[in-house]
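Dear colleague,

Please find the structure below, followed by an account of what was found in it.

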Amino acid sequence: MIDVERAKRLQKLLGERALRELEEYPDIDLSELTYVSGVDASYSGNEVIGVAVLLDALSLKLITYSTSRKKPQIPYIPGLLAFREAPAIISALAKLPEKPDLIVVDGHGLSHPRAFGIATHIGLVLKRASIGVAKKPLYGEVKLIDGRELIVAHGRAVGALIRHGGARLYVSIGYGVSLRSSIKLVEFMLKPGVKLPIPTHEADNISRKLSL
DNA sequence: GCGACAG
DNA sequence: ATCTTGTCGC
């Protein structure tokens, strides 16, 4: 079992670092990407099932996927989701035949109480660009800026609320890619009739079947 | 103390 | 996340 207070202190330390480096995160154009991954987790009995799908970045077609099962080392606590799901997800990502250029995570990135949500956590551990896409808000205020609904947290614009087919998606910077590009890339990965970006939708799909 | 609270 | 009945609407 993980020490909750220790985990929060670690997040605060790494989150402050992430906020400092935020300005240096580069714009990343779709043309620079070859592979993109979508990750998700589900549960079966007392195990966390991590799923990582590998897609062609341009066509968004599924190439393959991998999974990993782990015993949760902590109960679900809002703000500490990564300590519960990231181990299985990172393990699954390591099994893919190719390293993705971008990882789309089911959950928040910098729109987190200590600026260190699961998307940022996974991106930093693997040193890969990542974006968080959550179905519900967690932390930060939505403000209209330049005609866009941005998520402001820790004094900075770290994400955006994107309305898609009646639903709302809370997109936030994960790691290594600017907010501007994160929004643009997620919008590209959204398709009519599918609630989530294709990468996480595919991971969700597979993840759900494996928990049965 | 009260309410909020990703998956 | 997962467990679950009925109900509303195309």
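**Helix packing**

H2 and H3 are oblique to each other, a class that remains when angles under 35 degrees count as roughly parallel, over 145 as roughly antiparallel and 65 to 115 as roughly perpendicular. The axes of H2 (residues 81–94) and H3 (residues 118–126) cross at roughly 45 degrees and come within 10 Å. Axes here are lines fitted to C-alpha atoms, for helices over the stretch in contact, with angles from 0 to 180 degrees between N-to-C directions. The crossing of H2 and H3 is right-handed, that is, the near helix is turned clockwise from the far one by less than a right angle. Helices (H or I, at least four residues) and strands (E, at least two) are DSSP runs, numbered from the N terminus.

**Basis of the model**

This is a predicted model, in which local features need pLDDT of at least 70 and side-chain atom pairs count only at pLDDT 80 or more, while totals for chains, interfaces and linings use all residues. Residues are numbered from 1 along each chain as its sequence is written, and chains are lettered from A and ligands numbered from 1 in the order in which they are written.

**Strand E1 and its partners**

Seven of the 10 residues of strand E1 (residues 35–44) are buried (20 or more other C-beta atoms within 10 Å of the residue's own, C-beta atoms being placed from the backbone; exposed means 12 or fewer, and partly exposed lies in between). E1 runs antiparallel to E2, to which 10 bridges join it; strands pair if DSSP finds at least two bridges between them. Glycine 38 has valine 53 of E2 as its bridge partner. The hairpin of E1 and E2 has two residues between the strands, and glycine 45 takes a positive phi near 65 degrees there. E1 is also joined by four bridges to strand E4 (residues 102–106), and these two run parallel. In E4, leucine 102 stands opposite valine 36.

Most residues other than glycine have a negative phi. Leucine 60, however, has a positive phi of about 60 degrees; this residue lies in the loop between strand E2 (47–56) and strand E3 (62–70). Leucine 60 is partly exposed, with 17 other C-beta atoms within 10 Å. Aspartate 146 likewise has a positive phi, near 55 degrees, and is found in the loop between strand E6 (141–145) and strand E7 (148–153). Aspartate 146 is exposed, with 6 other C-beta atoms within 10 Å.

Yours sincerely
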